[in-house]
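Here's a quick briefing to read with the 3D view open.

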Amino acid sequence: MNVYDSHRIGSILKNLGYTPTSSIAQADLVIFNTCHIREKAAEKVFSDLGRLKIIKDERSANGLDTIIGLVGCVVQAEDEEIARRVPFVDFATGPLTYHRLPEILQKVSKDRETTIIDTEFPAESKFDFLPQNTSMGGASFLAIQEGCNNFCTYCIVPYTRGVETSRPINDIISEAKILVAEGSVEINLLGQNVNSFHGIDQSGKERNLAYLLRELAEIDGLKRIRYTTSYPADVDQDLIECHRDLPQLMPYLHLPVQSGSDKILKAMNRRHSRGQYLDIVGKLKDARKDLQFSSDFIVGFPGETDSDFEDTLDLVNKVKFCQAFSFKYSRRAGTPAAIMPNQVAENIKKERLNILQNLLSSHQLSFNKESIGKIMPVLFDIKGRHKGELIGRTPYMQNLHAEIGKDFCNKIVNVKVIEATVNSLSGIVEGK
Ligand code: 5AD
Ligand code: SF4
């Protein structure tokens, strides 16, 4: 979501006459787009800002002004901290108000002393004020929903991105058509909780994600559709049937489970049990046989015992995720779990994370190895390190490297997989 937000911020700045630079010492304006989900991400901003302050001072000694801005969830959660710890920041705006950047920058240019902070939860939708979304290449992001009403007890998102809102169907369809016209063959629908999507259609009727997916599948030239992130309890029959019916819907689904222990899932305020999760995975697999899953995991949630952790490992062995993201529980001030008793010691969290990641990697490697010898359609969109090398994604979201030349960039090409490691595949183009 932050990559997408940064892309949109880039468009605003382009309209204001800014051009990007790869040298930070040359930048008249630097904006950090921040994440508050775990402590490590949030603290990184403050250390990066310390380094930037030195550059700002050096530029100032040479008579050059530097505007420094912060955007994103850290601003929403830590506005007072920002004013106290990094007063040299010129402006700070939350994730829901960055469409106001043109006005904010105007205010900054008039007053170089005060830090302008905007952490309002606005009545308006930023999407109505942003410049037209533009293609990011062969694959683009499209935000369809923002915010979350789930209030998992560990999570800061409902407090920073606000309550769930869905964009109108028509806006999404016309944006998707523009992205396709600009060369995108894949669209990844984004939101904190995309499968609780309830956008209104032209007649004012609320529609679900399945309806939207079927509408998008009608767009000529849109070859791949993905959506992320989904909440297990909100996977309905309609959505399952989309996986059966729509070939454009890629056979890879990010469906975070967080823990395999019912006791911990309850304490996390997740609206699904371990059994329900496994049931949904089974139904989705029945609908589309080759569907693969990825997930998020938190280890060391308050009260997690060895036996709860064993339940997580057991669930991992049952589902055999093809990819996964796993984290040590991080206390976020203001969330219910931060003040729960029985916080887990850091060394135990570390040990459990290590065990879990080794297991997840072993499944990921097996899945990747099974790809060897297969021919897969790969969407190439990133330049590799070697001359002529491109990196792309298979339908199952595996990174695949191939030496095929830049003419294939942003195209879907059939590739024979010849090698596999935990994190990537390599292959040769069929018929070349
Ligand atoms: N500590 C650790 N991980 C967290 N996540 C969200 N909040 C926390 C936290 N306090 C993880 C969840 C979520 C992913 C985006 O980040 O696994 O799915
Ligand atoms: Fe956070 Fe996701 Fe839970 Fe919403 S569903 S509170 S975004 S972890």
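Where is arginine 288 found? Look in the loop between helix H11 (274–287) and strand E13 (292–299). Keep in mind as you explore that this is a predicted model.

**Arginine 288 and its neighbours**
- The side chain of arginine 288 makes a polar contact of 2.9 Å with the side chain of aspartate 290.
- Leaving aside residues up to four places away in sequence, arginine 288 touches His243, Leu246, Pro247, Leu249 and Pro251.

**H8 against H9**
- Helix H8 covers residues 209–216 and helix H9 covers residues 237–245; they pack at an angle of about 25°, with axes 8 Å apart.
- Because of that angle, H8 counts as roughly parallel to H9, the cut-off for this being under 35 degrees.
- As for handedness, H8 goes past H9 in a left-handed crossing.
- On the H8 side, the contact is made by Leu209, Ala210, Leu213 and Arg214. On the H9 side, look for Asp238, Leu239, Glu241, Cys242 and Asp245.
- Sort the residues of this H8 and H9 contact by class and you get 5 nonpolar, no polar and 4 charged.

**H9 against H11**
- H9 also meets H11: their axes come within 8 Å and cross at roughly 30°.
- From H9, the residues that take part are Ile240, His243 and Arg244, and they meet Lys283, Leu284 and Ala287 in H11.
- The class count for this contact of H9 with H11 is 3 nonpolar, 1 polar and 2 charged residues.
- You've already come across His243, by the way: this residue is also touched by arginine 288.

**H7 against H8**
- Helix H7 (residues 169–181) packs with H8 too, their axes coming within 11 Å and crossing at roughly 30°.
- Which hand does the crossing of H7 and H8 have, left or right? The crossing is right-handed.
- Ile169, Ile172, Ile173 and Ala176 are the H7 residues here, and they meet Tyr211, Leu212, Glu215 and Leu216 in H8.
- In this contact of H7 with H8, the classes come out as 7 nonpolar, no polar and 1 charged.

**Ligand 1**
- The residues surrounding ligand 1 include Ile37, Arg38, Tyr154, Gln258, Asp296 and Phe327.
- Arginine 38 has a side-chain N or O atom 2.9 Å from an oxygen atom of ligand 1.
- Aspartate 296 has a polar side-chain atom 2.6 Å from an oxygen atom of ligand 1.
- With tyrosine 154, it's a backbone N or O atom that lies 3.0 Å from a nitrogen atom of ligand 1.

**Ligand 2**
- Around ligand 2 you'll find Cys148, Cys152 and Cys155, among others including Tyr154, Tyr231 and Arg270.
- How does the shell around ligand 2 divide by class? There are 8 nonpolar residues, 1 polar and 1 charged.

- Most residues other than glycine have a negative phi, and most peptide bonds are trans.
- Threonine 228 and threonine 229, though, are joined by a cis peptide bond with omega about 5°.
- Asparagine 269 isn't a glycine, yet its phi is positive, at about 65°. This asparagine 269 is in the loop between helix H10 (262–267) and H11.

How values were computed: Residues numbered from 1 in each chain as written. Chains lettered and ligands numbered in written order. Predicted model: local features only at pLDDT ≥ 70, side-chain atom pairs only at ≥ 80, totals over all residues. Heavy atoms only, no water. Axes fitted to C-alpha atoms, helices over the stretch in contact; angles between N-to-C directions. Helix = DSSP H or I, 4+ residues; strand = E, 2+ residues; numbered from the N terminus. Parallel < 35°, antiparallel > 145°, perpendicular 65-115°, else oblique. Left-handed = near helix turned anticlockwise from the far one by under 90°. Contact = heavy atoms within 4.5 Å. Nonpolar A, V, L, I, M, F, W, Y, C, P; charged D, E, K, R; others polar. Near = heavy atom within 4 Å. Polar contact = N/O pair within 3.5 Å; in protein donor to acceptor, adjacent residues only side chain to side chain.
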